[in-house]
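Here are my notes from going through this one.

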Amino acid sequence: MAYPLNERQQVCVKHGEGPLLVLAGAGSGKTGVIVNRITQLMARGIPPAAICAVTFTNKAAREMRERVRELAGKNPRGIFIGTFHSLGLMILRENADAAGVGKNFSIMGQDDQLTLAREVLVQNGVDTDSFSEKHFIKAVSDWKNSGEGRDVFFSDDVWNLRMPQKPIAEVAGQYAERLTAMNALDFDDLILIPERLLGANDEVREHYRNRFRFFLADEFQDTNPLQFRFLTQLMRPPHNLCAVGDDDQSIYSWRGADTRIMLEFKDRFPEAELVALEQNYRSEQYILDIANRLISHNSSRHVKNLFSAVKTANRAVVFEAGDGTGEAEYVADTIVALKVRHALEYNAFCVLYRTNFQSRSFEEILRQRNIPYHVSGSYQFYDRSEIKDVLAYLRFFANHADDRSLVRILNIPKRGISESAVQRLLQYAQLNRKHLWNVLEEIEMCEIDINPQTLGGILEFKDFVAAHVSELRKTGNLAKAAHNLVDALQLEREYIRQGLDAQKVTNKLLNIRELMRSIEEFESGDRALPQIGEGAERNIFTYLHFVALLTADDKENDTDLPRVQLMTIHQAKGLEFNTVFVTGLEDGILPHQRSIENEGPGIEEERRLLYVALTRAKSRLYLTLSRTRKNRGLVTDCTPSRFLEELPAELLEWESTTAGTADLAELESMLLNI
């Protein structure tokens, strides 16, 4: 199936060699440009294996791969379409020795990172109340993404003031050493280590430069300096990079994204061609006029002016409520009215907010109205404790140096090994520079103060591990080994012993059954998985890497169900809805208070955030705010967002207090008929 292209899209698709920057405005069909360019390259005789396309989520990579297959009429073997992290992982797996990592390395999740960080901080006498493990992990991540040496990056006095007990550079070094000792990598390492390898190893660098000739980078505005260096290390002149993105939608500076990479593209590649895609295929023109006016107040941007073929006389409604509850009631009542009047499903509606705390009042009112809803970013499948327990067993089976997974499973189910005993074992291991498993292996010879019950539990655990690892090595059948592991753990009995009620026990067992099904599908399925790369063997190591690289879009895809969607603006990026409510338009919320205090680039990013929110709407746009908010039990007055003054007044229709889209009698009738 061919995708119709407008004139500017065709220019991008037919571009020959050399760098190309595609300024893809919201809703301008950028994915169509990327997939058409890929198939166009193959039609010109470029081997699929010479094409490398990177993006930021597995969902985007999957969609890209499926559309390429549909357009090409076949599955192009050898092409790389995946995330930056999966590209880095592929290079590490293919060059583990050269990169200096063990072949069976673990990828450490966020929870394990935080636990390890807390251990390192406490061991260094750091007060984690004043300098938390989250702040520490963020600092380490910023350092790794900066490309600077540790001492240089942390030389800034600000860092030393925030953690005065010990130089942060020294503590960050200890954290990195602990990771290495466990043969574990964090997410930043998946790009940092390959980037360093490519820079230092001529043979490896030339291998990939010979392999890949054409590159496509989606969501280019979200790229950070490390990712950009990584990508350019893979290229040689004439730098066949097609970079597609929208600097007006750059909203991730807090995780390292740097708009200067896109804004200075011509400085880096003077020969680059720039093409702006301004025709929007999503929204009515009035929505684009509002968004265009707003974003024009930003100074650091490539100028674009979005337009649509859909012209209507509609205007955006701005509603000012008396308080947060009134705001939520207005949104709920308007959803009911619009659903009935226009025969819409509930999933046509999306409520957007700046921060998660704002969702509470909307959830309460929607429940009262019996309106089904879904909160994006709520408890995810792989975040459930029972799933983490089983995966920790598998991670430890794959990598006995993984102390964090070992600590989690040592007493699951209960084996009489107390928390204090675990801490003594860990201290002994660290003092003797050993892994925890090595200590357990020689436990009967170690001088550690443990009671007979603890010793018995450790010996039982060692026998348990030996039996299951032996089975896994003999058969190589991950699904069978996982089933046998779960059966042997007798988790139903453990949950009952913990005092859980019957429904909670059932839910946990159903979740574990779903995990077993996912392992079976992974091991036996033939569906391409962008996380692990084409041709990778499906074993325990690649399964654990697959799970570690799952992004939020993989864990949750409920936007197609008939429920009102509640989400932060960051979570809404890339999505679209018939009707959008952008809530909390007050100074201190949007823009956020930190940005108001810092001014400058912070305000510009908050403006981009609102721009993203506005351009999610296809037909109807509602902007809501409140005159007062309750904060920690105190009612405070609110100031309307300064951004409202930047919107075209002629395209706004103001309402206030209890005025809604229907009178009370009509609303009551509608509610009774739903």
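1. Let's start with a strand pair: β11 and β16 run parallel to each other and are joined by five bridges. Within that pairing, Val 318 sits opposite Leu 623 of β16. Keep in mind throughout that this is a predicted model.

2. β11 has another partner, β19, again in the parallel sense and again through five bridges.

3. How many residues of β11 are buried? Five of its six are, so call this strand mostly covered.

4. Next, helix α16, residues 285–295. Why can we say that it is largely enclosed by the rest of the structure? Because nine of its eleven residues are buried. The buried set is Gln 285, Tyr 286, Ile 287, Leu 288, Ile 290, Ala 291, Asn 292, Leu 294 and Ile 295.

5. What covers the buried residues of α16? The cover includes the strands from the opening points, β11 (316–321), β16 (617–626) and β19 (652–656). It also includes β9 (279–280), β10 (307–308) and one helix, α31 (601–614).

6. Glu 278 deserves a stop. You'll find it in the loop between β8 (273–277) and β9. Its relative accessibility is 16%, and because the cut-off for buried is under 20%, Glu 278 counts as buried.

7. So what does the side chain of Glu 278 reach? Leaving out residues up to four places away in sequence, Glu 278 touches Arg 8, Lys 304, Asn 305, Leu 306 and Phe 307.

8. The bond from Ile 412 to Pro 413 is cis, with omega near -5°, and Pro 413 is in the loop between α20 (403–409) and α21 (419–431). The bond from Leu 590 to Pro 591 is cis as well, with omega near 10°; Pro 591 belongs to the loop between β15 (577–582) and α30 (593–598).

9. Ala 343 has phi near 55° and lies in the loop between α17 (324–342) and β12 (349–353). Arg 433, with phi of about 50°, is in the loop between α21 and α22 (436–441). Are these two buried or exposed? Ala 343 counts as exposed at 69% relative accessibility, and Arg 433 is exposed too, with a relative accessible area of 81%.

10. Last stop, Leu 550, in the loop between α27 (540–548) and α28 (552–555). Although it is a loop residue, Leu 550 counts as buried, with 12% relative accessibility. For a sense of distance, Leu 550 and Arg 594 are 44 residues apart along the chain, and 31 Å separates their C-alpha atoms.

Technical notes:
Residues numbered from 1 in each chain as written. Predicted model: local features only at pLDDT ≥ 70, side-chain atom pairs only at ≥ 80, totals over all residues. Heavy atoms only, no water. Helix = DSSP H or I, 4+ residues; strand = E, 2+ residues; numbered from the N terminus. Buried < 20%, exposed > 50% of the residue type's maximum accessible area, 1.4 Å probe, protein only. Contact = heavy atoms within 4.5 Å. Pairing = 2+ DSSP bridges.
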